[in-house]
Amino acid sequence: MRRFIIDTDTASDDAVAMMMALRYPDVQVDAVTVVAGNVAMEQASINARYVLELLDEKMPVYEGCASPMLRSLEIADWFHGKDGMGNQHYPAPQMLAQAEHAANALVRYFSESPGDISLVTLGPLTNIATALMLEPKLAEWVKHCYIMGGAANIEGNVTPAAEYNMWVDPEAAYKVVHSGMPITLLGWELSRGSSTLSDDEIADIKSIGTQAAHVAMDCNAHALKAVREIQGEAGLALADPCAMAVALDPSIATSISDHYVDISLDADLTRGMTVVDKLHVTGKPANASVCYSIDAAQWKALLKQTLS
């Protein structure tokens with residue numbers, strides 16, 4: 001079994017990505033760490049624990065950073081709804097979060113099993129950067145880090161230059177990409193175009209009939225409306241699940257290459273911009289693998305498989 005830890009600012013697409021990992025046959029999710037981002041950290045924790053209870057899973061949830069390292073928190077309720085789950089008003093979970101801070105838990109898990117656990121990040125990188133500040137050797141202990149974040153030389157989804165996760169806490173993103181950790185960067189653009197789910201595909205997934213399939217689509221109804229009205233996509237774009245699909249099955253990535261990646265720390269125009277040196281003009285060594293495209297049919301098949 002491959003071992004994962006998922007770091008998430010749990011909202012509607014994070015929830016689907018978590019479901020995929022929890023139901024993938026050869027993956028064991030050791031723990032979930034929660035960070036502020038799409039919603040406040042406390043709400044993200046509630047949402048994560050709801051998903052675990054929905055799938056009758058018992059792994060621990062650790063609450064982490066409630067705000068970015070240097071910036072004020074800018075949540076994305078305009079996209080995911082006030083509760084992050086499409087305002088579906090799901091019942092409060094019964095399970096409680098652990099007392100240990102997420103950053104401390106990350107250091108502990110990876111120090112106890114160096115090279116054995118992969119990290120999948122679905123939100124701002126504040127928890128990971130904080131853990132690196134506590135113990136820089138974390139970068140050596142992580143088997144691989146799959147980061148849902150960034151926009152590889154394309155337009156952003158929260159500003160013209162930046163993707164939301166990187167924009168929320170660019171200082172944290174900067175620290176992580178320059179940590180030496182083995183990284184695959186999976187930008188929001190992977191969920192666009194042919195990777196979106198049409199109305200017929202959404203109905204097909206709901207026809208699976210499982211509670212997970214219904215919740216996965218229902219909690220993203222608010223996001224679907226936002227995607228169509230704000231981003232002009234025809235169907236539902238699920239950035240976190242597309243990233244998780246590659247973490248679960250790397251063959252889904254159809255174009256991937258190693259590059260030097262930097263994160264803009266500017267105050268305004270390019271704040272959080274993911275700068276990928278695709279042509280190697282800086283002469284600096286690669287610090288991340290960048291995924292440029294995925295097999296849309298394969299990712300959708302994996303989604304249906306894990307929600308069945």
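Me: What makes both faces of β4 count as covered?

Reply: I117, L119 and T121 on one side of β4 and S118 and V120 on the other are all buried. Buried means under 20% relative accessible area, exposed means over 50%, and partly exposed lies in between, with a 1.4 Å probe and protein chains only. In a regular strand the side chains alternate between the two faces of the sheet. The model is predicted: local features need pLDDT of at least 70 and side-chain atom pairs pLDDT 80 or more, while totals for chains, interfaces and linings use all residues. Residues are numbered from 1 along each chain as its sequence is written, and side-chain values use heavy atoms, leaving out hydrogens and water.

Me: Why is S118 called buried?

Reply: S118 has 8% relative accessibility, so it counts as buried. This residue lies in strand β4 (residues 117-121), where 5 of 5 residues are buried. Strands (E, at least two residues) and helices (H or I, at least four) are DSSP runs, numbered from the N terminus.

Me: Which residues does S118 touch, not counting residues up to four places away in sequence?

Reply: S118 touches R3, F4, I5, F110, K143, H144 and Y146, with that exclusion. Contact means heavy atoms within 4.5 Å. One of these residues, H144, lies in the loop between α6 (138-141) and β5. With residues up to four places away in sequence left out, H144 touches I117, S118, L119, P182, I183 and T184. The C-alpha atoms of H144 and A223 are separated by 29 Å, and the two residues are 79 apart along the chain.

Me: What makes β3 and β8 edge strands?

Reply: They belong to an open sheet of 9 strands with mixed pairing, in the order β3-β2-β1-β4-β5-β6-β9-β7-β8. β3 (61-63) and β8 (274-277) each pair on one side only, and these are the edge strands. Neighbouring strands of this sheet are turned by 30° against each other on average, direction ignored.

Me: At what angle do α4 and α5 cross, and what does that angle refer to?

Reply: The axes of helix α4 (residues 102-112) and helix α5 (residues 126-134) come within 8 Å and cross at roughly 60°. Axes are lines fitted to C-alpha atoms, for helices over the stretch in contact, and angles run from 0 to 180 degrees between N-to-C directions. A102, A103, N104, L106 and V107 in α4 meet N127, I128, T130, A131 and L134 in α5.

Me: Why is A129 called buried?

Reply: A129 is at 0% relative accessibility, so it counts as buried. A129 is found in helix α5. Not counting residues up to four places away in sequence, A129 touches M69, A172, K175 and V176. A129 and K175 are 46 residues apart in sequence and 6.0 Å apart in space, C-alpha to C-alpha.

Me: What makes α12 mostly covered?

Reply: In helix α12 (residues 239-248), 10 of its 10 residues are buried. Among them are D240, P241, M244 and L248.

Me: Which residues touch the most other members of the largest nonpolar core?

Reply: M19, M20, M244, L248 and W299 do, in a core of 75 residues. A nonpolar core is a set of buried Ala, Val, Leu, Ile, Met, Phe, Trp, Tyr and Cys residues joined through side-chain atoms within 4.5 Å. Leaving aside neighbours within four places in sequence, M244 is in contact with F4, I6, A17, M20, A21 and V120. A second, separate core of 38 residues includes F110, I147, A173 and Y292.

Conventions: Pairing = 2+ DSSP bridges.
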